Amino acid sequence: MHDLIIIGAGPAGLTAAIYGIRAGLSLVVIEKLSPGGQVINTNEVENYPGFVDPIPGWELMSAMENQARRLGAEIQSGVINEIRKDNNSGSFHVILSEGRTLDCKSVLVATGTNHKKLNIPGESELLGRGVSFCATCDGAFYKDKITAVIGGGNTALEDADYLTRFASRVYLIHRRDQFRGAKILQNRVLSNNKIDPVYDTVVHSINGDNGVESLSLINKKTNESSELKVDGVFVLVGFEPNTAFLPNEILNEKGEVIVDMQMRTPIEGLFAAGDMRENSRRQIVMAAADGATAGLSAYEYIVSS
């Protein structure tokens, strides 16, 4: 039986593994995709302390992964279906999709988030044929083409700026009259002559037969409808927590995990860290800090049990 099972190998999960291994815990990290989380799709990270120059997201996460592995962390591939606590023994059963069950004394969940969808006509039908949720992944396909980014937060602003390396024109469509992202990012996109801000506007549908051809827009202030010709669209309107496999008793109304300052959930021995916990600011350095806190809290729980 492991002391600790960490679910998720993003910044929070890998940092928790580093702290857990150094504290002498027997642990395993379960990751459904490749280690690194959403950060590996980030072109440049310029706000992680310790790096004078921006660092590619994949490089930062590769270093975290290699550090955890060097210390002895085992990272396995798997998808978690359910977590059960045995009220008699106090141990946890982590049930994977292929039917495998892992037993442990405590669990630390750091499964992050998924991109939120607009749920409009054409979005799912044209996914991979002009609809994308990641400019770093797909931007190079749009050399000298016209693209649109939907959103107004940090990710939308960063990806709009990144797309100008390839696209001839980027329309940045936001439902409010000003962007929500950091001021430095707003200044960057507003000073880029390849980016056209489109405020107070929502996308009603994404149109095209074999690929994206246009967007149907509605101006929220004037109620005016219009059509915008584009070759591709990037939907960047926020994130949803990956918490469907967790018991409802530890989730808030948004599906985020309820935790205290020590990253303890309402279920004793179950911890959560990173973007999927309530009140997260969804920053890499904060997820790493959550992971360190949760790892130490798990250690304290195990040694006192």
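Trainee: What should I keep in mind about the numbering and the model before I start?

Mentor: Residues are numbered from 1 along each chain as its sequence is written, and side-chain values use heavy atoms, with hydrogens and water left out. Because the model is predicted, local features need pLDDT of at least 70 and side-chain atom pairs count only at pLDDT 80 or more, while totals for chains, interfaces and linings use all residues.

Trainee: How many helices and strands are there in the protein?

Mentor: The protein has 6 helices and 17 strands, where helices (H or I, at least four residues) and strands (E, at least two) are DSSP runs numbered from the N terminus.

Trainee: What percentage of the residues count as buried?

Mentor: Of the 305 residues, 50% count as buried, and here buried means under 20% relative accessible area, exposed means over 50%, and partly exposed lies in between (1.4 Å probe, protein chains only).

Trainee: Switching to helix 6, how far apart are its end C-alpha atoms?

Mentor: They are 30 Å apart, which agrees with the 30 Å that the 21 residues of helix 6 (residues 284-304) should span at 1.5 Å a residue, the expected span being 1.5 Å times one less than the number of residues.

Trainee: Which elements do the buried residues of helix 6 pack against?

Mentor: Those residues, including I284, D290, Y301 and I302, pack against strand 1 (2-7), helix 1 (11-22), helix 2, strand 4 (80-85), strand 6 (101-109) and strand 17 (270-272). A contact here means heavy atoms within 4.5 Å.

Trainee: How many salt bridges does the structure hold?

Mentor: The structure holds 12 salt bridges, each defined as a side-chain nitrogen of Lys or Arg within 4 Å of a carboxyl oxygen of Asp or Glu. One of them joins R188 and E46, with the closest N and O atoms 3.1 Å apart. That pair links distant parts of the chain, 142 residues apart, since R188 is in helix 5 (residues 183-190) and E46 is in the loop between strand 2 (27-31) and helix 2 (57-71).

Trainee: What about D200 and K221, how far is it from N to O?

Mentor: Their side chains meet in a salt bridge at 3.7 Å, N to O. The pair also links distant parts of the chain, 21 residues apart, with D200 in the loop between strand 11 (195-198) and strand 12 (201-207) and K221 in the loop between strand 13 (214-219) and strand 14 (225-229). D200 is buried at 14% relative accessible area, whereas K221 is exposed at 61%.

Trainee: Last topic, which cysteines form a disulfide?

Mentor: C134 and C137 do, with their sulfur atoms 2.2 Å apart, and a disulfide is a pair of cysteine sulfur atoms within 2.5 Å. The torsion about their S-S bond is about 75°, so the disulfide is right-handed. C134 is buried at 10% relative accessible area, while C137 is partly exposed at 39%.
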